[in-house]
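Reader: I'm new to this one, so could you take me slowly through a single part of the sheet and then on to whatever else stands out?

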Amino acid sequence: MDQRADILALVRGFATESTRPKPFVPGESYIPVSGKVIDADDAVALVDASLDLWLTAGPHADGFERRIAERFGVRESRLTVSGSAANLLAFSALTSWKLRDRQVKPGSEVITVAAGFPTTVAPIVQAGCVPVFCDVTLPNADIDPDDLAAAVTDKTRAIMLAHTLGNPFNLDAVMEVAKAHDLWVIEDCCDAFGATYRGKPVGSYGDLGTLSFYPAHHITTGEGGAVFGSDKMLMTVLSSFRDWGRDCWCAPGFDNTCNNRFGWQLGDLPHGYDHKYIYSHLGYNLKMTDMQAAIGASQLDKLDRFVARRRENWAALTAKLKAEGLDEFLHLPEPAPHSEPSWFGYLMTVRDDAPFERNDLTRHLESRKIGTRLLFAGNLVRQPAFKGVAHRVVSDLGVTDTVMNRSFWIGVWPGIGTEQIDYMVEAMRDFVGEARR
């Protein structure tokens, strides 16, 4: 008897039933802004990996890392515990003493935007550096190129930005400034897996890119994230920060990959001190488990289908909102020039002359069981966590404040279809009709 095959057959049967979508009932079924799409293949991958009892990173993690790197056309990737951890590791790598004259040191300035998610910026502060906040432009909440150019000083060492809700930021402008001033670039792609710019994957332009595999994102491992890039030194020091800060780069369970395990002399340690226990950075333990990686690899098989569905939903929403004339009252999102977005959400901003406020509309939508979200932190400078944090602001952040006060987004994830889109548009049409009376 093949017990493993029997177990997996039972899992597949159970998961096929338990993951079957429920019928949509307008006004009764809640429409979340995001969610995971899990099927029987994912459940089988998880249980199959668990039966190996390899409870740390192992062969599934190795394979998933290789496939992520291949997807972006870069040399390497490293799995970690979340997208936020990916950002922490990516920026920490820039602070390594091993980068010599390109090391980002405390007091260095790093260009970013205030209209974003806090853990894109938090690693800058945690490393003792100074975030320099640029304004954004509407309708996409993308970095303002004028502010970007004005932000650079002799203290600037890096640019760290996210592709907002899956819509690429102006990579031409960002990479031009980075090249002119020899700046590091970290692309936070946590909301943008599958997006391209001038035909290349976003994340492959900068020195490092990051991903999140939280259930809200394009594919999921539950909790999880990744960092990827082609600079061998960066990826090596990133691995050190992820793996306790150790200098050794042996995979778990392996020894003497360097063929010099007892021949090193680093710091003030005695010559020949075991390289497995030499620490070159103040690191963490932020590795993914093999079971999570197994789900990630299964999900990655479906990424193109998920992205296509998101684009279809985005296009349908745009067409129907315009057909109802709602673009008269709402700034609707537009694909960035030269890009093919991988939409995470559908961002709208209430126009200044609209006969209603953002909060009135979002309350109405929530009352109709339509999920809404604000654009994350709105304006980070105004968040309590950033009170007293050293930073610099390039301009008055006027558009960022508009985003804080007037923007929101709804879902386009693959769990949404024509019925949900029609219902969402109908709810907005009804609200605007009442507001105009």
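Author: Let's start with Thr80, which sits across from Gly225 in β11. This is a predicted model, with local features needing pLDDT of at least 70 and side-chain atom pairs counting only at pLDDT 80 or more, while totals for chains, interfaces and linings use all residues. Numbering runs from 1 along each chain as its sequence is written, and side-chain values use heavy atoms, leaving out hydrogens and water.

β1 and β11 (residues 225-229) run antiparallel, joined by five bridges; strands pair if DSSP finds at least two bridges between them. Strands here are DSSP runs of E, at least two residues, and helices are runs of H or I, at least four, numbered from the N terminus. Zoom out and you get an open, mixed sheet of eight strands, ordered β1-β11-β10-β7-β6-β2-β3-β15. β1 (76-80) and β15 (392-393) are the edges, each with a single partner strand, so one side of each has no neighbour in the sheet.

Now for the core. A nonpolar core is a set of buried Ala, Val, Leu, Ile, Met, Phe, Trp, Tyr and Cys residues joined through side-chain atoms within 4.5 Å, where buried means under 20% relative accessible area (1.4 Å probe, protein chains only). The largest has 55 residues, and Leu79 is one of those touching the most other members, as is Ile159. A second, separate core of 33 residues includes Leu89 and Val237.

Conventions: Buried < 20%, exposed > 50% of the residue type's maximum accessible area, 1.4 Å probe, protein only.
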